[in-house]
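Biologist: Could you take a close look at one part of this model for me, and spell out the cut-offs as you go?

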Amino acid sequence: MAVCDRALYPFPGATKMVYGTTLDELMLDVQGMLLDFDMNASLKTLASAYGDRIKYVWGPPKEHAGMRAALIRPDGIVAWTSDSDPDCSELEKAAAQWFGQANLA
């Protein structure tokens, strides 16, 4: 897992989801996106605390490249990734850096 600042493409094995949607299509509304390839309840909870600033997207990629989750900025830059059980404290830091503080109500 890592906080990173790299371009969305190439984004190995995750440009198309199994159900046919592409990341380009998911990014059309120009908001942050938390991709969760393992349906992790903690990630869904964290994304919901950001309201409309971070869209939570669950689903397996068409080709699995070992990545389990990724936070993508609205401009398509990957802000955080995890290739193991996600460390939510690292994700919270990256989310706060790019999207402000979560709404913890």
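**The strands up close**

Modeller: Happy to! Strands β4 and β5 form a hairpin with 4 residues between them, and Gly 76 in the turn has a positive phi of about 90°. Strands here are DSSP E runs of at least two residues, numbered from the N terminus. This is a predicted model, in which local features need pLDDT of at least 70, side-chain atom pairs need 80 or more, and totals for chains, interfaces and linings use all residues. Residues are numbered from 1 along each chain as its sequence is written, and side-chain values use heavy atoms, without hydrogens or water.

Across from Ile 72 sits Val 78 of β5. How much of β5 (residues 77-82) is buried? For this strand, 6 of the 6 residues are buried, so β5 is largely enclosed by the rest of the structure. Buried means under 20% relative accessible area with a 1.4 Å probe, protein chains only; exposed is over 50%, and partly exposed lies in between.

Strand β2 (residues 32-36) is also largely enclosed, because 5 of the 5 residues are buried. In a regular strand, side chains alternate between the two faces of the sheet. Both faces of β2 are covered: on one side Gly 32, Leu 34 and Asp 36 are buried, as are Met 33 and Leu 35 on the other. With strand β3 (residues 54-58), β2 pairs in the parallel sense over 5 bridges. Within that pairing, Leu 34 has Tyr 56 of β3 as its bridge partner.

Key. Pairing = 2+ DSSP bridges.
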